[in-house]
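Read this report with the model open beside you.

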Amino acid sequence: MKTAVYPGSFDPVTNGHMEIIHRAAALFDRVVVLVAANATKSGFFSAGERVELLELCTRDLPNVSVDSTGGLVAHYTSEIAADVIVKGLRAMTDFEFEFQQALVNRELNPRAETIFLPASGTSMYLSSGMVRQVCVLGGDIGAFVPKEALPRIIERMQANK
């Protein structure tokens with residue numbers, strides 16, 4: 001059984017994230033969507049809230065589960081004996097950072113291989129930061145986030161104005 005971990009901050013979850021989740025679910029027996037700590041980002045949603053939103057958005061995918069970690073992704077993948085770390089790439093600017101992370105993860109956990117899934121043309125411009133900015137400034141984010149998560153995202157972003 002091949003297990004993949006798809007780590008990210010998911011703050012908030014976007015349709016681009018969901019695209020990668022669906023594609024990974026089709027490729028692997030089990031996919032763990034991992035809300036991972038990022039020391040360089042402060043979140044709008046708590047890790048627990050992000051897990052809840054992702055569970056809501058992935059409930060129709062029987063081989064997908066959601067978890068969180070405050071530690072290193074490489075250590076988490078080792079703990080659950082995952083075979084693969086899935087990373088989505090939007091543009092070449094993502095590649096350099098993600099490639100460096102992949103090399104560090106391989107050093108920390110040689111068992112887990114990193115694979116990159118390029119975003120589709122319809123979501124390659126989409127980021128959580130862009131969604132937050134559009135929403136806080138009063139724009140319509142309905143085309144950018146899963147419908148299941150939309151009301152909670154709008155509520156939180158409007159509260160943070």
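Helices (H or I, at least four residues) and strands (E, at least two) are DSSP runs, numbered from the N terminus. This is a predicted model, in which local features need pLDDT of at least 70, side-chain atom pairs count only at pLDDT 80 or more, and totals for chains, interfaces and linings use all residues. Residues are numbered from 1 along each chain as its sequence is written, and side-chain values use heavy atoms, with hydrogens and water left out.

## The sheet

Strands of a sheet pair through backbone hydrogen bonds, either parallel or antiparallel. Here, five strands make an open sheet. Their order is β3-β2-β1-β4-β5, and the pairing is parallel. Two strands pair if DSSP finds at least two bridges between them. The edges are β3 (64–69) and β5 (113–118), each pairing on one side only. On average, neighbouring strands are turned by 30° against each other, direction ignored. Such angles run from 0 to 180 degrees between N-to-C directions, and the axes are lines fitted to C-alpha atoms, for helices over the stretch in contact.

Helix α2 (residues 47–58) packs on this sheet. The helix touches β2 (30–36) and β3 (contact means heavy atoms within 4.5 Å). Its direction makes about 175° with that of β3.

Now look at strand β4 (residues 84–89). Six bridges join β4 to β5, and the two run parallel. K87 stands opposite F116 in β5.

Where does F10 lie? F10 is in the loop between β1 and α1. P12 lies in the loop between β1 (3–8) and α1 (15–27). A cis peptide bond joins D11 and P12, with omega about 5°.

A81 is found in the loop between α3 (73–79) and β4. The table gives the values. Buried means under 20% relative accessible area, exposed over 50%, and partly exposed in between (1.4 Å probe, protein chains only).

## The cysteines

How many disulfides does the structure hold? It holds zero. A disulfide is a pair of cysteine sulfur atoms within 2.5 Å. For C57, the nearest cysteine sulfur is that of C135, 15 Å away. C57 counts as buried because its relative accessibility is 4%. C135 has 1% relative accessibility, so C135 counts as buried.
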